[in-house]
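Please have a look at the sequence and the structure below before you read on. The report that follows goes through the chains, and then through the places where they touch.

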Amino acid sequence: MTDAAAPSSSAERRSPLIGNRVLLTLVVVCLLGVGLLPFASMAPNRLVSGQSMSTWAAFAPWQLVTLAGLLALLALASFAHLMPRRPGHAVALAAALALLALDFVALGGYAHRALADASPAARVSQGSAFWVLLFAAGLIMIDALQRLRPPPVWRALYAATALTLVGVCFATDLLSPLSIMREFANQRDNFVDQLTRHLALVAGALVPALVVGLPLGLLARRRPGARNVLFSVLNVFQTLPSIAVFGLLIAPLAALAAALPWLREVGVGGIGAAPALIALVLYSLLPIVRNTYAGLAGVAPGTLEAARGMGMTARQILWRVEIPLALPVILSGLRIVTVQAIGLTVVAALIGAGGLGAFIFQGLGQYAIDLVLLGAIPTIVLAVVADFTLQLLVALSRPTRAGQG
Amino acid sequence: MIELQGLTKRYAGKTVVDDITLTFETGEFAVLIGPSGCGKSTTLKMINRLIPASGGRITLGGEDVAALPVEQLRRRIGYAIQSTGLFPHWSVARNVATVPQLLKWPRSRIDDRVDELLAMFHLDPTTFRDKLPHQLSGGQAQRVGVARALAADPEVLLMDEPFGAVDPITREVLQTEMRRVHQQTGKTIVFVTHDMDEALSLATRIALLNDGKLVQYERPVEMMVEPADDFVREFIGQADLGLKLLSRRWVHQYQRPPSVAPRDALPEPGSHWWMIDDAGRPTALAGARLDDEDAVTRVKAEWTATPEMSMKEALSRMVWYRVMVLPVVDESGQLIAEVGMQGVMGIERGPGANASSTRAAGNGALSDNDGGDPA
Amino acid sequence: MSGARTLHRLRAASAGSGVLIALCGLLIALTLGMAQLEPLFRALFPSVSNPLYTRDSYLNLMLAHIGLVVVSSLISVGIGIAAGLFVTRPAGREFEPMVSSLAAVGQTFPPAAVLAIAVPLAGFGFAPTIIALSLYGLLPVIQNTITGLDTVPETTREAARGNGMSAWQILWRIELPLAMRVIVAGVRVSVIINIGTATIGSTVGAKSLGTPLIAGLVSNNLAYVIQGALLVGLLAIVADLAFERLERRFTFGG
């Protein structure tokens with residue numbers, strides 16, 4: 001290719017009127033959400049469904065003005081001829097942060113006001129407009145960061161600011177009258193227990209999966225015959241619905257525990273942690289084995305030949321060349337299984353293994369939505385945080401990261 | 001005929017094609033050449049409007065291309081690119097049939113046309129029609145790519161470094177085929193390459209671009225003999241100018257009637273003759289060896305010449321096989337002529353250097369035999 | 001289609017089709033004939049008084065399960081491919097980074113949590129399950145549509161344009177067929193996940209093969225658990241094998 005520097009011509013032809021159509025779309029989504037959806041709901045007690053409160057009713061007047069101002073600012077930033085690009089993105093970043101804060105402050109403020117002279121049983125819950133504003137603020141941040149491409153330090157600083165802001169909202173008294181926070185206060189000890197249990201199950205599954213999976217991946221690399229058998233068996237396993245595997249493990253484990261009393265004494269039984277751990281390990285094997293194999297297979301033949309040519313032994317080649325080069329791919333495998341295990345552990349609550357899923361299914365059984373959210377939201381946060389952290393690890397493990405942007 | 005008038009292309013303030021004006025005559029095999037980033041591909045792609053021009057005008061047979069509906073324009077212009085761009089999910093036949101199908105030709109006409117084109121590129125239709133692109137060798141895929149570009153009998157054929165991805169030997173074979181196809185079809189071809197040897201072997205006219213500007217638009221030999229400036233001289237390369245000149249001369253221009261031996265006779269010293277079999281094929285050469293004047297040498301296929309061969313290649317064979325003359329054979333292998341060192345040395349440099357050859361300069365653009373009659 | 005190509009495909013197909021047909025037969029036989037296995041379950045679980053789930057026929061449960069998956073998958077595929085197409089066209093390119101990151105982040109959400117969150121939005125029953133399954137299934141379809149279209153080589157696209165194809169013709173004749181294998185792989189992922197999540201759908205009140213399974217877990221009736229688990233497991237394997245075959249049909253070149 002000689003003069004392939006030609007960029008796609010469509011970018012040139014696009015009308016310059018709207019500089020950022022993503023941002024404009026998100027502003028419209030905010031407006032629709034605020035206009036059409038309830039921001040909060042209030043119920044006289046936990047059992048009856050609440051009465052919807054529109055944004056107009058729930059926001060204090062100054063909050064409404066601020067909201068209108070922020071949305072207008074964001075709309076301005078999306079028009080190229082009204083605001084230059086880079087300052088526009090910076091304005092969007094700042095406004096999104098303010099929108100995020102406003103969302104929480106308005107919800108907390110409404111809850112405080114509404115419950116001031118209500119019965120102690122009364123409850124205030126967040127409505128869909130709250131979620132719309134929250135997600136829109138998040139997406140505006142992501143979009144602006146993707147466009148602005150600030151240095152990693154600034155990016156991290158910005159993320160930390162946003163997280164601190166949310167943390168402050170939760171740490172102070174602001175959100176405490178909310179129904180879900182009351183639920184949390186009631187369940188505080190139990191919540192910590194189940195969260196610990198959830199994490200313990202995940203860790204308890206990952207460690208054996210790594211211990212078994214890494215050598216199996218190496219085996220698959222060295223023995224092509226073993227590879228096909230291994231992958232087809234693990235692949236079938238990966239296909240099975242988790243609840244089916246949990247269920248199918250119960251009967252044999254129960255029989256085993258009945259036959260061998262010492263097993264029962266160490267906690268193995270048809271229900272509980274044992275079938276959950278076994279199933280989680282089995283589910284985790286395929287991604288670990290596959291990524292270990294793929295990572296090792298991805299090492300360039302020339303590199304291996306050079307290593308051999310310089311007189312390295314097979315063991316030295318494995319530890320000094322193959323594993324360091326395969327590490328990013330192996331770690332992406334670990335990322336996949338960690339996120340997957342966090343999700344599967346939710347389902348394990350159905351067979352009595354505990355964890356955050358216990359809140360979800362207990363809540364579903366009692367039609368206690370706050371309890372459901374108390375289980376669901378932390379698991380989602382857990383999964384996203386684990387994903388993000390491991391992604392960072394993958395990026396750091398790239399041997400050539402200095403050269404890549 | 002394609003005319004570019006003040007053609008200009010700017011990207012983000014940078015001018016990559018700068019006010020180019022030139023005419024590709026009907027039947028011309030024009031090669032656009034220049035260093036990386038000189039704007040040659042961009043110029044080519046503005047002709048079929050894959051890249052919109054920022055300024056200037058292109059006419060195709062007198063019609064402004066900007067005024068034609070873009071898909072219709074492209075269906076009138078064949079287009080072949082590097083690594084062929086064959087559609088991997090379509091058979092060879094369907095690939096070749098792309099434009100005829102878009103033009104809604106009747107089925108039978110498409111089938112006939114596909115077979116005709118495959119045969120033209122020496123691809124047996126019964127073998128190749130149903131193959132998928134990944135089952136082809138690099139050279140075969142390139143032939144299919146060119147066949148596809150020719151399918152709807154376009155007025156013009158644009159080729160963007162079509163042989164850039166194949167090995168040197170295949171590339172040479174493809175170039176020979178391209179020359180033949182050009183002569184057979186008489187199409188106007190605009191061809192982009194960065195390889196001067198490829199340009200010299202194919203072009204009837206070379207347009208040398210540098211930094212978005214047209215430096216010289218000239219016939220190959222004239223460009224070698226009278227470079228417009230130092231850039232052209234440097235780009236062509238000085239060291240092997242003589243050999244490059246030979247690469248533009250063809251055996252048929254310098255061949256002469258062969259001296260065929262009466263049976264069992266030996267040539268006189270200083271002369272030579274050919275022995276032929278009953279079918280008229282050369283079997284041996286008596287005399288004309290560099291090292292041993294009286295030797296009788298068995299004729300091998302490796303050192304026979306064909307009329308279409310370049311004189312550069314003929315010279316190379318003479319040097320390598322240490323013979324002063326090569327037999328020139330036709331397709332059936334019959335001896336039709338011979339070409340020797342005298343022919344090589346008799347080559348004129350061109351109109352500027354040799355007054356006797358100027359009369360030949362008016363020959364048609366197609367033949368490019370500006371060397372005049374062979375001795 | 002050529003003889004050689006057909007033969008090649010037939011050979012590749014016949015290798016897997018035996019297993020697929022056998023498993024399909026087993027699935028149908030178990031669905032229709034679970035009642036005939038009652039003595040077996042009685043022998044296996046002597047302590048259980050009622051070892052066969054009878055509140056609903058397994059055929060009904062299977063159809064309900066398949067219905068949930070098919071309806072939600074159709075929604076996912078329709079919206080997912082449309083969204084993937086939109087963000088890969090010039091008009092929607094600007095939305096591509098956003099949509100890609102959403103699809104990537106969304107897939108880290110545990111499916112069970114997404115199902116649970118659908119309840120406050122849509123109540124109990126069929127609706128939240130369909131919403132959760134469609135939303136979750138959307139993500140791999142979008143992601144793979146984008147990936148599949150992005151893997152069409154630029155030279156191929158340019159060749160298509162250079163040969164005078166219109167944007168629609170390029171999309172329908174070149175881009176979609178070439179991207180189809182990757183898109184089908186995305187649909188496969190989303191269907192397999194949805195078969196599993198539909199099982200849990202019974203906890204929010206949608207009838208599925210999870211109904212006997214979870215009823216069994218609640219009432220400690222292992223026979224129910226095994227009946228439900230066997231059927232749903234088989235269903236997943238059959239669906240996976242069928243999609244593997246479908247993917248192979250869209251593989252061109254080696």
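What follows is a short tour of chains A, B and C.

## Before we start

This is a predicted model, in which local features need pLDDT of at least 70 and side-chain atom pairs count only at pLDDT 80 or more, while totals for chains, interfaces and linings use all residues. Residues are numbered from 1 along each chain as its sequence is written, and chains are lettered from A and ligands numbered from 1 in the order in which they are written.

## Chain A

Let us begin with the secondary structure. Chain A has 17 helices and three strands; here helices (H or I, at least four residues) and strands (E, at least two) are DSSP runs, numbered from the N terminus. Along the principal axes, the C-alpha trace of chain A spans about 75 × 75 × 30 Å. Of the 405 residues in chain A, 40% are buried. A residue is called buried if 20 or more other C-beta atoms lie within 10 Å of its own, exposed if 12 or fewer, and partly exposed in between, with C-beta atoms placed from the backbone.

Chain A is assigned two domains: domain 1 (10-178) and domain 2 (188-403). Such bounds come from an automatic or database domain assignment. Taken over C-alpha atoms, the centres of domain 1 and domain 2 of chain A are 36 Å apart. Among contacts in chain A between residues at least 6 apart in sequence, 73% join residues at least 24 apart. Two residues are in contact if their C-beta atoms, placed from the backbone, lie within 7 Å.

## A helix pair in chain A

How do α13 (residues 273-297) and α15 of chain A pack? Their axes are 8 Å apart and meet at an angle of about 155°, which means that α13(A) is roughly antiparallel to α15(A). Axes are lines fitted to C-alpha atoms, for helices over the stretch in contact, and angles run from 0 to 180 degrees between N-to-C directions. Angles under 35 degrees count as roughly parallel, over 145 as roughly antiparallel, 65 to 115 as roughly perpendicular and the rest as oblique.

The crossing of α13(A) and α15(A) is right-handed. A crossing is left-handed if the near helix is turned anticlockwise from the far one by less than a right angle, and right-handed if clockwise. The contact of these two helices has 16 nonpolar, eight polar and two charged residues. In this sorting, Ala, Val, Leu, Ile, Met, Phe, Trp, Tyr, Cys and Pro count as nonpolar, Asp, Glu, Lys and Arg as charged, and the others, Gly among them, as polar.

## Chain C

Chain C has 10 helices and zero strands. Its C-alpha atoms fill a box of roughly 75 × 50 × 25 Å along the principal axes. Of the 254 residues in chain C, 50% are buried. Among contacts in chain C between residues at least 6 apart in sequence, 74% join residues at least 24 apart.

Here is a helix pair to look for. Helices α3 (residues 58-88) and α6 (residues 126-150) of chain C pack with their axes 7 Å apart, at an angle of about 40°, so α3(C) is oblique to α6(C). The crossing of α3(C) and α6(C) is right-handed, and their contact has 16 nonpolar, 10 polar and one charged residues.

## Where chain A meets chain C

How many residues does each chain bring to this contact? Chain A gives 38 residues and chain C gives 38 residues. Several helices of chain A each supply at least two residues to this side, including α2 (21-36), α6 (128-148) and α17 (369-397). The largest share, nine residues, comes from α17(A). By class, the side of chain A that touches chain C has 26 nonpolar, nine polar and three charged residues.

The axes of α6(A) and α4 (residues 96-106) of chain C are 10 Å apart, at an angle of about 125°, so α6(A) is oblique to α4(C). The crossing is right-handed. From α6(A) come A:Leu139, A:Ile142, A:Asp143 and A:Gln146, and from α4(C) come C:Pro97, C:Met98 and C:Ser101.

## Chain B and its contact with chain C

Chain B is divided into domain 1 (2-246) and domain 2 (252-345), with C-alpha centres 37 Å apart. Chain B puts 20 residues in contact with 19 residues of chain C. On the chain B side, α2 (70-75), β6 (77-81) and α4 (98-102) each supply at least two residues.
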